[in-house]
Amino acid sequence: MAAPGAAPAYRRILLKVSGEALAGDQGYGIGPDVIGRIAEEIAEVVRLGVEVAVVIGGGNIFRGIAASAGGMDRATGDYMGMLATVINALALQDMLEKKGVDTRVMTAIRMEELAEPYIRRRAVRHLEKGRMVIFAGGTGNPYFSTDTAAVLRALEIEAKVLLKATNVDGVYTADPKKDPTATFLGELSFRDALVNGYAVMDANAFGLCKENRLPIVVFNINQPGATARVLAGERVGTIVQ
Ligand code: UDP
């Protein structure tokens with residue numbers, strides 16, 4: 001946890017939470033304990049006075065590409081995937097509000113009975129007022145991912161860093177679950193990541209980050225207090241810049 005009273009290193013952040021991170025050990029759907037823990041991590045950061053926006057994934061419920069491999073029309077599958085992110089967003093909002101964090105869900109696809117439509121200036125205003133914002137519905141377009149949505153929204157709201165919450169500690173030279181020689185990388189440049197083909201995020205999203213020099217911190221959200229430590233400027237996970 002950050003030292004009490006220490007000023008956070010970043011004023012406004014974009015946190016990408018994948019659907020997988022919400023599933024926990026059950027591997028699909030929403031694990032109630034897991035989402036509660038993630039909400040607590042986020043609440044802790046909001047209490048530090050950091051403006052927090054979250055882009056939420058949907059892969060724990062539905063992935064368009066997997067459905068299209070099974071014969072479904074790709075765009076239809078992708079729209080279903082985008083709807084899955086809205087389910088996750090509402091679950092996370094519920095948990096955050098129970099912890100006293102004022103939260104707004106904004107969707108890239110209009111569904112005004114349950115969330116606000118995404119309007120950039122309004123999102124920024126919420127953040128300035130200390131409200132947490134959850135961006136759901138990805139980019140609103142099929143053939144994209146929520147990683148791309150995360151970079152896009154981070155750039156739009158002028159976040160200083162993109163925090164990519166995962167179930168692993170950061171970037172390794174190979175998959176540590178499969179290759180015992182895999183070594184952990186604490187820091188790397190966009191160029192190194194690209195040349196060596198290290199999996200940081202999908203290629204579209206990564207390209208957008210690189211082009212706009214938006215630093216990415218990949219870290220393990222299951223480590224208690226990790227999000228707050230990244231914000232306090234501690235070396236946690238892997239920084240790509
Ligand atoms: N998706 C999409 N456009 C977007 C974002 C997401 O079509 O801009 C769809 C896509 O089918 C994807 C699914 O939503 O598989 C869930 O998002 P993603 O796989 O990025 O979630 P995560 O891997 O972060 O859980």
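Two strands count as paired when DSSP finds at least two bridges between them. In this predicted model, strand β1 (residues 12–17) and strand β2 (residues 51–56) meet that condition with 6 bridges, running in the parallel sense. Within this pairing, Leu15 stands opposite Val54 in β2.

**The sheet**

β1 and β2 belong to an open sheet of 9 strands with mixed pairing. The strand order is β4-β3-β5-β2-β1-β6-β10-β11-β9. The edges are formed by β4 and β9 (187–188); each has a single partner strand, so one side of each is left without a neighbour in the sheet.

**Aromatic pairs**

The whole structure holds 3 aromatic pairs. One of them joins Tyr118 and Phe135: the ring centres are 5.3 Å apart and the planes stand at 85 degrees, so the pair is edge-to-face. Tyr118 sits in the loop between β4 (116–117) and α5 (120–128), while Phe135 is part of strand β5 (residues 132–136), so the pair ties together parts that are 17 residues apart in sequence. Both Tyr118 and Phe135 are buried.

Another of the pairs is made by Phe190 and Phe206, with 5.6 Å from centre to centre and 65 degrees between the planes, which is again edge-to-face. Phe190 comes from helix α7 (residues 190–196) and Phe206 from helix α8 (residues 203–212); the pair links distant parts of the chain, 16 residues apart. Phe190 is buried, as is Phe206.

**A charge over two rings**

Arg153 is placed against the rings of Tyr118 and Phe135. The charged end of Arg153 sits over the Tyr118 ring, 3.6 Å from its centre. Arg153 also lies over the face of Phe135, where the distance to the ring centre is 5.8 Å.

**The ligand**

The ligand is surrounded by 20 residues, and the closest are Gly19, Asp78, Thr139, Asn141 and Thr146.

| Residue | Protein atom | Ligand atom | Distance |
|---|---|---|---|
| Lys16 | side-chain N or O | oxygen | 2.8 Å |
| Asn141 | polar backbone atom | nitrogen | 2.7 Å |
| Phe144 | backbone N or O | nitrogen | 3.1 Å |

On its own, the ligand has 520 Å² of accessible area, and the protein covers 92% of that area.

How values were computed:
Residues are numbered from 1 along each chain as its sequence is written. This is a predicted model: local features need pLDDT of at least 70, side-chain atom pairs count only at pLDDT 80 or more; totals for chains, interfaces and linings use all residues. Side-chain values use heavy atoms; hydrogens and water are left out. Rings of Phe, Tyr and Trp (its six-membered ring) pair if their centres lie within 6.5 Å; planes under 30 degrees apart count as stacked, over 60 as edge-to-face and the rest as tilted. Helices (H or I, at least four residues) and strands (E, at least two) are DSSP runs, numbered from the N terminus. Buried means under 20% relative accessible area, exposed over 50%, partly exposed in between (1.4 Å probe, protein chains only). A charge sits over a ring if NZ of Lys or CZ of Arg is within 6 Å of the ring centre and within 35 degrees of the ring normal. A residue is near a molecule or strand if one of its heavy atoms lies within 4 Å of it. A polar contact is a pair of N or O atoms within 3.5 Å; within protein, one must be able to donate a hydrogen and the other to accept it, and residues adjacent in sequence count only if both atoms are side-chain atoms. Accessible areas come from the Shrake-Rupley method with a 1.4 Å probe; for residues, only the protein chains shown count as cover.
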